[in-house]
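Here are my notes on the packing and the aromatic rings. Please read them with the model open.

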Amino acid sequence: MKSACGPYILAIETSCDDTSVSLVNQEGYVLCQVTASQDLKHQIFGGVVPEIASRLHAEVLLPLIDTTLKNKNISPQDLKAIAVTNRPGLIGSLIVGVVTAKTLGQVWGLPVYGINHLEGHILAPLLWDDLHEKNELPPFNWLTLAVSGGHTSLYLVHSLAKYQLLGSTRDDAAGEVFDKFAKILNLGFPGGALVDQAAQRGAKGRYEFPVTKLDGYDFSFSGLKSAADRLVRQIPNLEFENNINNLCADFQSAVIENLFYQLKKAYQDYHPQVVMLTGGVSANSELRVTVKNWAQSKKIPFYMPALKYCTDNSAMIALAAWKKIELGVAPQNASLIAQPNSEVGDFI
Ligand code: KG4
Ligand code: ZN
């Protein structure tokens, strides 16, 4: 039976450029999530500036935690634990979150769980709230395509303690390629959502972009990135101005074909119980419809996060911490450290 009752985990996510705080119960119900975006501060540089990111996290994190608890009338004594992203990410940004979580854990006498950001993304399709229906935990195995600005990975999830990486990108991540293409077109930053919007206004079929179909389950986007750069520089100015939306439509279609090709191949080879799509790029309107329609036509149970839980968010970090508690994993508290990198499947 679904329940929105406490206790809640207070979660903190500061791995990149969004400061996010949330309260989530054991069933994945998000009572509240507040995210402070830094997009406007990084926009003029065309990408995230790590030093600026960590300073901004330090400025807003404590006030965000304070407001979140006060708004929902939750006192620290009502909390089950604190969850914080401690890997992978920008080291300065991670340190702000980890030091804050450890300090609050010490002061409030609460257990603190350090969570791998990618495990958060993998669980994000199971988050729900007052506007989004709850999903029951689906049977294993799950085939999960996690596509973000830093990662493009296909996982076979055997259980919440056993994640097998089938393939990942050999060069750029899909979100990174969206962002670089938006930069080439001068659309702004972060570019994925802007390319998506432009593509919806454009028509496909005018421009040809290469799609790399590797053996196995790895991805590669560097050929597409170079070809896109060359193509845009060759197009005469007037044609370019009149075809930005069409360029986005064909470019987006090439990224999706690349992702979809490996996802379908892995499905055919492994026959998982369910398919999941997650990460920032899972907010892409065409990718969502493409995978959903395919899954429906094949009668494959399919899960993807609500839009607000696709891009970086703290609610997914809380849910991952609840799963650690269910598995009996000990909290780290004093031993917890921020780590810029993480090993494959290093989720426990
Ligand atoms: O998961 P996320 O917020 O951060 C990382 O863990 O990297 O993903 C951010 C990425 C960015 O590259 C952004 O451009 C991309 O997700 N993104 C999109 C869309 N919304 C965000 N890419 C394509 N279409 C979108 N609608
Ligand atoms: Zn992410």
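1. Start with Y155. Its relative accessibility is 4%, so Y155 counts as buried (buried is under 20% relative accessible area, exposed over 50%, partly exposed in between, with a 1.4 Å probe and protein chains only). F347 is buried too, at 2%. The two form a tilted aromatic pair, 5.9 Å centre to centre with 50 degrees between the planes. Rings of Phe, Tyr and Trp (its six-membered ring) pair if their centres lie within 6.5 Å; planes under 30 degrees apart are stacked, over 60 edge-to-face, the rest tilted. Y155 lies in strand β7 and F347 in the segment after α11 (315–327), so the pair ties together parts 192 residues apart in sequence.

2. This is a predicted model: local features need pLDDT of at least 70, side-chain atom pairs count only at pLDDT 80 or more, and totals for chains, interfaces and linings use all residues. Residues are numbered from 1 along each chain as its sequence is written, chains are lettered from A and ligands numbered from 1 in the order in which they are written, and side-chain values use heavy atoms, leaving out hydrogens and water.

3. There are 12 aromatic pairs. F140 and W142 are stacked, because their centres are 4.7 Å apart and their planes at 20 degrees. W142 is buried at 0%; F140, at 27%, is partly exposed.

4. Which residues touch the most other members of the largest nonpolar core? They are F181, F209 and F251, in a core of 48 residues. Such a core is a set of buried Ala, Val, Leu, Ile, Met, Phe, Trp, Tyr and Cys residues joined through side-chain atoms within 4.5 Å. F178, F181, F209 and F251 form one aromatic cluster.

How values were computed
Helices (H or I, at least four residues) and strands (E, at least two) are DSSP runs, numbered from the N terminus.
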